[in-house]
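Visitor: I have just opened this structure and would like to learn how to read it. Could you walk me through it, step by step?

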Amino acid sequence: MPCACQKNKTQYEVVDAAGKRVFGPTPYKTTADAMAARGTGREVREVPKGGK
């Protein structure tokens, strides 16, 4: 069975000005922030948790 350690952690993704995902999802906000800083108009948003 694969590890399910990450299933309850908040995930982040980077979207561009048009709302298209350019990076993610990742459990690391610092990584998402760094990717967002590489392009103009990018922003980090939390990905809603799936499941229950």
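Guide: Gladly! This is a predicted model. Let's begin with strand 1, residues 11–15: five of its five residues are buried, so the strand is largely enclosed by the rest of the structure.

Visitor: Which way do the residues of strand 1 point?

Guide: Here is the general idea: in a regular strand the side chains alternate between the two faces of the sheet. In this case, Q11, E13 and V15 point one way from strand 1, while Y12 and V14 point the other way. Residues on both sides are buried.

Visitor: How do strands hold on to one another in general, and in what order do the three strands form the sheet here?

Guide: Strands of a sheet pair through backbone hydrogen bonds, either parallel or antiparallel. Here, three strands form an open sheet in the order 2-1-3, with antiparallel pairing. Strand 2 and strand 3 are the edge strands, each pairing on one side only. On average, neighbouring strands of this sheet are turned by 20° against each other, direction ignored.

Visitor: How many bridges link strand 1 and strand 3?

Guide: Five bridges link strand 1 with strand 3 (residues 43–47), in the antiparallel sense. To follow them by eye, look for V14, whose bridge partner in strand 3 is V44.

Visitor: Which residues is T26 in contact with, leaving aside its neighbours within four places in sequence?

Guide: Those residues are T10, Q11, Y12 and A32.

Visitor: What lies 3.3 Å from a polar atom of the side chain of T26?

Guide: That is the backbone nitrogen of Y28.

Methods. Residues numbered from 1 in each chain as written. Predicted model: local features only at pLDDT ≥ 70, side-chain atom pairs only at ≥ 80, totals over all residues. Heavy atoms only, no water. Buried < 20%, exposed > 50% of the residue type's maximum accessible area, 1.4 Å probe, protein only. Helix = DSSP H or I, 4+ residues; strand = E, 2+ residues; numbered from the N terminus. Pairing = 2+ DSSP bridges. Polar contact = N/O pair within 3.5 Å; in protein donor to acceptor, adjacent residues only side chain to side chain. Contact = heavy atoms within 4.5 Å. Axes fitted to C-alpha atoms, helices over the stretch in contact; angles between N-to-C directions.
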